4 protein chains.
Amino acid sequence: MIIVLKPGTSKEAADEILERISEKGCRPLYMPGTERVVLGAIGDERVLKALHLESYPQVESVTPILSPYKLVSRELHPHDTLVSIGGKVLVGGQRFVIIAGPCAVESREQLTRTAEVARKEGVLCLRGGAFKPRSSPYAFQGLGVQGLEILSEVGQALGMATVTEVVDVADVEVVSRYVDALQVGARNMQNFRMLLEIGRGQKPVILKRGMAASVQDLLLAAEYIVSEGNPNVILCERGIKTFETVTRNTLDLSAVPYIKQHSHLPILVDPSHGTGVRELISPMTRAAAACGADGVMVEVHIDPVAALSDGQQSLFPEQFCSLMKDLRPIVEAVGKTL
Amino acid sequence: MIIVLKPGTSKEAADEILERISEKGCRPLYMPGTERVVLGAIGDERVLKALHLESYPQVESVTPILSPYKLVSRELHPHDTLVSIGGKVLVGGQRFVIIAGPCAVESREQLTRTAEVARKEGVLCLRGGAFKPRSSPYAFQGLGVQGLEILSEVGQALGMATVTEVVDVADVEVVSRYVDALQVGARNMQNFRMLLEIGRGQKPVILKRGMAASVQDLLLAAEYIVSEGNPNVILCERGIKTFETVTRNTLDLSAVPYIKQHSHLPILVDPSHGTGVRELISPMTRAAAACGADGVMVEVHIDPVAALSDGQQSLFPEQFCSLMKDLRPIVEAVGKTL
Amino acid sequence: MIIVLKPGTSKEAADEILERISEKGCRPLYMPGTERVVLGAIGDERVLKALHLESYPQVESVTPILSPYKLVSRELHPHDTLVSIGGKVLVGGQRFVIIAGPCAVESREQLTRTAEVARKEGVLCLRGGAFKPRSSPYAFQGLGVQGLEILSEVGQALGMATVTEVVDVADVEVVSRYVDALQVGARNMQNFRMLLEIGRGQKPVILKRGMAASVQDLLLAAEYIVSEGNPNVILCERGIKTFETVTRNTLDLSAVPYIKQHSHLPILVDPSHGTGVRELISPMTRAAAACGADGVMVEVHIDPVAALSDGQQSLFPEQFCSLMKDLRPIVEAVGKTL
Amino acid sequence: MIIVLKPGTSKEAADEILERISEKGCRPLYMPGTERVVLGAIGDERVLKALHLESYPQVESVTPILSPYKLVSRELHPHDTLVSIGGKVLVGGQRFVIIAGPCAVESREQLTRTAEVARKEGVLCLRGGAFKPRSSPYAFQGLGVQGLEILSEVGQALGMATVTEVVDVADVEVVSRYVDALQVGARNMQNFRMLLEIGRGQKPVILKRGMAASVQDLLLAAEYIVSEGNPNVILCERGIKTFETVTRNTLDLSAVPYIKQHSHLPILVDPSHGTGVRELISPMTRAAAACGADGVMVEVHIDPVAALSDGQQSLFPEQFCSLMKDLRPIVEAVGKTL
């Protein structure tokens with residue numbers, strides 16, 4: 001940890017901080033420069049953080065040297081983590097995983113027919129929302145537990161693993177009973193209470209990046225779950241908020257190779273929410289595969305025109321089939337299988 | 001609602017949409033242009049939204065004419081809403097309200113001594129976190145219910161109303177029992193389940209803008225609460241995420257007059273989180289008052305150096321006194337009282 | 001064009017605007033709704049724009065229906081534009097084009113040795129800056145005309161086309177004499193005077209997206225050049241400014257398929273500036289190819305450690321060779337050649 | 001300067017960098033930690049920057065300790081800089097300066113009548129664009145030299161100093177002949193060639209912050225001008241690009257007190273471009289005054305409905321008068337005069 005002091009700071013004020021560093025068992029360093037005094041602290045910075053040195057009036061800035069996340073870091077855990085969803089798909093390995101389905105479960109028929117399209121294309125993991133977080137209180141909010149039942153039954157009927165979003169800590173248990181993997185949506189990435197609850201189980205979880213969350217924030221959110229004991233975390237890049245308006249969000253694909261290099265956790269991409277534009281989903285799925293993602297989550301609907309949510313970004317069945325066809329050569333080009 | 005069709009759309013495909021508009025009881029309009037066909041739909045757009053016209057393949061774009069929020073809009077409710085917190089302060093009226101206190105309740109002594117500083121300056125509303133949402137799992141997470149007890153007792157002892165953050169739907173009831181107003185933090189602005197729960201009571205709530213939330217998103221989040229029956233909503237601008245790094249967030253003060261003009265709800269500013277820099281809090285408090293905010297929430301700590309969270313943005317007691325002194329002439333210049 | 005009037009606007013105030021629309025030869029529409037009056041104007045919106053209807057006090061908002069760019073739009077020009085750089089590479093066709101070289105021309109030896117690395121890998125287009133726009137006045141500003149001479153000679157010696165940045169309207173002529181294609185950097189994307197000057201010639205130009213420029217802003221900047229008579233415009237996505245800090249910019253790859261679908265101009269990607277991180281360049285080059293880009297611009301240096309600018313994002317020669325090797329199967333997977 | 005090495009870096013690789021630091025006359029420091037080796041370099045970091053240590057493969061990150069700007073920093077120049085515009089207004093002192101006028105000079109009559117409105121309110125500095133940078137090539141581009149002539153004559157007739165934008169290095173000389181202060185627009189903040197040219201004269205310059213420019217970028221752009229010999233630089237905050245769409249830009253008022261604390265240069269605010277919304281200009285002008293700005297630039301037009309550019313953000317004459325009336329008590333509250 002590097003501590004820069006304000007110009008004109010006295011030796012006493014510097015000593016006060018050096019002593020605190022020593023007391024915590026770290027090695028303090030005093031580096032008087034021409035315009036500023038700089039202090040160093042060598043040792044476990046996570047211990048030093050509790051000193052809140054940035055709060056001292058004589059301190060100008062504090063720069064950590066180590067990343068604030070630890071368990072999810074590749075440094076201490078060099079091998080890729082593999083997460084199995086329901087014994088059907090293994091995320092993080094040689095297979096490029098497709099998780100497909102409608103934004104929301106609307107009816108047994110809608111889900112079955114949509115799932116059949118995906119299943120025929122070889123997809124083994126079905127998504128569908130039962131609890132929908134919506135910006136407007138006047139929008140469709142999901143079928144709730146009935147939606148979970150439908151999702152579970154359709155998954156079993158077709159031999160597909162199931163994923164659905166959980167939006168509240170109180171629902172973690174019931175949702176876990178019905179599906180093979182939980183999804184934490186962008187708006188809940190920093191719902192820390194829910195992360196802790198999920199961390200206390202072993203259910204796989206797909207943790208989506210928040211719209212204002214940096215890559216480091218995402219890894220820290222994952223650290224919440226892993227530090228409680230649940231290692232089965234799958235990250236998901238789904239776009240961040242920027243000034244660009246032709247897309248709903250700005251899909252930050254650079255985050256994919258960055259995370260693969262700095263963390264051992266698998267990472268998916270959601271090009272449906274990441275772009276919000278039907279025509280961009282297939283090319284961005286290919287891009288995701290090309291830069292090293294472990295898979296994608298894609299919204300497809302048997303009849304997007306009738307969809308109760310996110311219809312404009314849901315693929316028509318034939319578009320989904322095209323996507324799969326165009327994706328295959330890319331997946332093979334990076335040495336994986338579909 | 002204005003619906004622009006893709007170039008080359010057939011008359012039949014246009015008619016399909018016009019019929020849907022009619023069926024919903026709205027008046028359809030057909031406007032063939034030189035390069036595009038444009039359709040109009042006149043009537044209650046909130047009804048039309050359920051048609052999800054943006055999902056149709058022949059539709060290029062859908063532009064709403066009416067704002068998606070209704071109950072919180074000034075149009076249908078031209079008078080300012082006043083919200084009383086614990087009978088001690090009235091937010092939205094002639095008084096510029098100061099809510100002050102430490103980021104987190106750390107101990108009875110810390111809170112008492114900090115509150116006394118504020119009380120002596122005329123502050124009638126005390127803030128202090130008992131449940132702290134923190135980016136890192138290794139950071140101080142708050143004292144929980146014990147913190148609520150301390151906050152409540154100190155408030156009563158000093159005759160101050162109390163405010164604290166609620167981070168989970170399950171806590172709404174217990175937190176409501178201890179304090180005079182709930183606070184929904186930026187990370188929970190779209191925790192819709194919690195908004196609905198809060199909406200079912202009458203407890204005043206300070207709803208902070210999310211870091212990636214537009215002004216419209218904030219007003220829609222407020223609409224969730226009001227539409228459930230709780231009119232006592234106070235908005236709070238606290239900065240959004242941008243590329244600028246000298247401040248922790250970018251305080252979007254333009255949102256204040258915009259919201260005052262478009263909504264009847266009162267709005268506060270949080271310059272502590274909005275800037276994250278101790279030295280900027282006093283000038284930004286003055287700016288908030290000057291552009292029409294109804295008050296501010298400010299972090300102050302009896303000993304910021306020892307603070308367990310956000311010490312670097314907590315004011316020293318003497319800085320808080322200066323802030324109050326410098327603020328007074330501004331408040332009076334806009335015709336309010338402190 | 002759709003014009004929404006403020007609530008309570010009188011019939012006379014609406015008529016005033018309807019007359020203006022008529023006078024311009026467009027067809028006006030009057031659509032009184034339940035809460036708002038909406039006006040329509042059918043005809044060439046680019047003519048209507050000159051009315052500045054948004055300036056009227058009774059107008060709440062003006063929404064254009066047609067895109068503001070015209071010549072660069074794919075609608076009126078459905079076939080892909082191909083741009084030849086120096087007769088050596090054709091951008092926009094079946095070949096995925098690599099433009100490689102150092103950030104800045106530093107010396108004949110540095111450029112020759114770097115270019116040889118690229119040439120051996122099959123690269124036919126050499127980049128190198130002679131005039132460098134740098135954030136700090138204390139940073140290396142380029143060799144100027146001497147740099148142009150070196151670039152031109154090295155290009156000829158190795159049979160490579162050459163590209164360099166032009167930073168001022170006064171330099172357009174001299175730079176055009178030395179190189180095969182001009183580059184307009186992100187900071188100059190809206191240097192309209194320079195765009196017009198470039199538009200008056202026929203020299204191919206690579207127009208890079210500004211850091212705060214929307215896709216529409218980029219297409220409008222291209223429209224400046226094309227409308228002056230120069231059709232040889234190549235767009236380049238190079239990242240936008242966002243809150244993320246692990247990368248220097250956020251590479252917005254979704255812009256690539258969006259632009260391919262809405263414009264006939266070719267588009268390149270610059271993963272070097274787009275990420276600013278050496279290790280991310282190869283994966284993002286693959287992603288660019290996978291989502292439909294026509295090529296990439298990549299910074300490579302014979303000795304990045306000694307580079308006078310942008311060394312941290314310059315590839316080592318062996319990294320560049322790996323990039324080419326890993327890229328080939330992706331390019332072939334999308335049906336192109338390298 | 002603090003240099004963090006990658007994990008596993010050898011002692012030799014560390015020594016290589018330590019030697020380079022010594023060679024430059026700085027004092028090297030070796031700090032082996034538990035997980036990382038950290039190096040320090042004590043001395044003038046601006047010298048060290050030329051080493052480009054971030055380019056070394058063994059280097060993970062380089063953190064400067066000193067700010068990269070020097071001449072514009074308050075540290076070495078603690079007193080406020082005062083800049084006189086045409087001997088009529090002094091920016092940076094006790095007077096809160098208003099610079100008002102239309103976006104563009106359209107005709108002698110338009111400018112005269114608009115200027116008279118401002119002059120009657122006590123405004124001593126007149127703005128008006130002669131060269132207009134416009135996103136679309138089809139928009140009004142200004143009257144050019146004729147506009148300069150009109151501006152100059154109207155200014156003289158009314159006893160007002162004049163300000164206009166310069167958009168190209170070739171125009172600096174001619175524009176300087178006509179007006180009392182140059183303005184560098186947001187799109188040209190990093191037109192370094194033009195900054196250098198302006199720096200070689202003594203003409204006062206209002207340097208506007210770029211839409212993607214950090215506060216540090218703005219100060220570095222100012223450093224370009226000052227380092228060439230022109231100390232008469234006035235900064236101007238005018239909003240940055242963010243995801244918010246109810247305003248044209250997001251006015252970052254926190255930058256005002258930050259810059260006042262870190263630089264000795266005066267700073268203005270442009271609430272017209274900063275918000276793009278007529279109704280927000282007056283409250284944001286008050287906020288600017290309250291947080292310490294030295295003045296504002298405001299767009300006013302004798303007939304905004306007929307304005308050829310930016311009419312929607314131009315104040316009507318009576319709105320401008322209201323603004324001045326509401327501003328006065330705020331200016332006095334902060335101890336200044338209008």
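Me: How many residues of chain D are in contact with chain B?
Reply: Keep in mind that this is a predicted model. Here, contact means C-beta atoms, placed from the backbone, within 7 Å. On the chain B side, 32 residues take part, and the number for chain D is 32.

Me: Which element gives the largest share of the side of chain D that touches chain B?
Reply: The elements of chain D that give two or more residues to that side are α8 (255–262), α10 (278–290) and α11 (317–333). The largest share is eight residues, and it comes from α10(D).

Me: And by class, how many residues on the side of chain D that touches chain B are nonpolar?
Reply: Let's go through the classes. Charged residues number four and polar ones nine on the side of chain D that touches chain B. The nonpolar ones number 19.

Me: Is α8(D) mostly covered or mostly uncovered?
Reply: The helix has eight residues, and six of them are buried. Those are A255(D), V256(D), P257(D), Y258(D), I259(D) and K260(D).

Me: Which element of chain B do the buried residues of α8(D) pack against?
Reply: Within chain D, these buried residues pack against α7 (215–227), β12 (233–237), β13 (267–269) and α10. They also pack against an element of chain B, namely α10 (278–290).

Me: What kind of rotation axis relates chains D and B?
Reply: Chain D can be laid on chain B by a turn of 180° and a shift of 0.0 Å along the axis, with an RMSD of 0.0 Å. The two copies are thus related as by a two-fold rotation axis.

Me: Which residue of chain D comes closest to the rotation axis?
Reply: The same surface serves both copies, since 100% of the contact residues of chain D recur in chain B. At 2.1 Å, going by its C-alpha, the residue of chain D closest to the axis is A287(D).

Me: What about chains C and A: which residue of chain C comes closest to the rotation axis?
Reply: A rotation of 180° with 0.0 Å of shift along its axis superposes chain C on chain A, at an RMSD of 0.0 Å. These copies meet through the same surface, because 100% of the interface residues of chain C are also interface residues in chain A. The residue of chain C closest to the axis, at 2.0 Å (C-alpha), is A287(C).

Me: In strand β1 of chain A, which residues point the other way from I2(A) and V4(A)?
Reply: In a regular strand the side chains alternate between the two faces of the sheet. Strand β1(A) covers residues 2–5, all of them buried. I2(A) and V4(A) point one way, and the other way point I3(A) and L5(A).

Me: What is the bridge partner of I3(A) in β3(A)?
Reply: β1(A) is joined by four bridges to β4(A) (residues 59–63), running antiparallel, and there I3(A) stands opposite V62(A). Three bridges join β1(A) to β3(A) (residues 37–42), also antiparallel. In β3(A), the partner of I3(A) is L39(A).

Me: How many Å separate the centres of the two domains of chain A?
Reply: Chain A is divided into domain 1 (2–63) and domain 2 (83–333). Taken over C-alpha atoms, their centres are separated by 44 Å.

Note on methods
Residues are numbered from 1 along each chain as its sequence is written. Chains are lettered from A and ligands numbered from 1 in the order in which they are written. This is a predicted model: local features need pLDDT of at least 70, side-chain atom pairs count only at pLDDT 80 or more; totals for chains, interfaces and linings use all residues. Two residues are in contact if their C-beta atoms, placed from the backbone, lie within 7 Å. Ala, Val, Leu, Ile, Met, Phe, Trp, Tyr, Cys and Pro count as nonpolar, Asp, Glu, Lys and Arg as charged, and the others, Gly among them, as polar. A residue is buried if 20 or more other C-beta atoms lie within 10 Å of its own, exposed if 12 or fewer, and partly exposed in between; C-beta atoms are placed from the backbone. Two strands pair if DSSP finds at least two bridges between them. Copies are superposed by least squares on the C-alpha atoms of residues with pLDDT of at least 70 in both. Domain bounds come from an automatic or database domain assignment.
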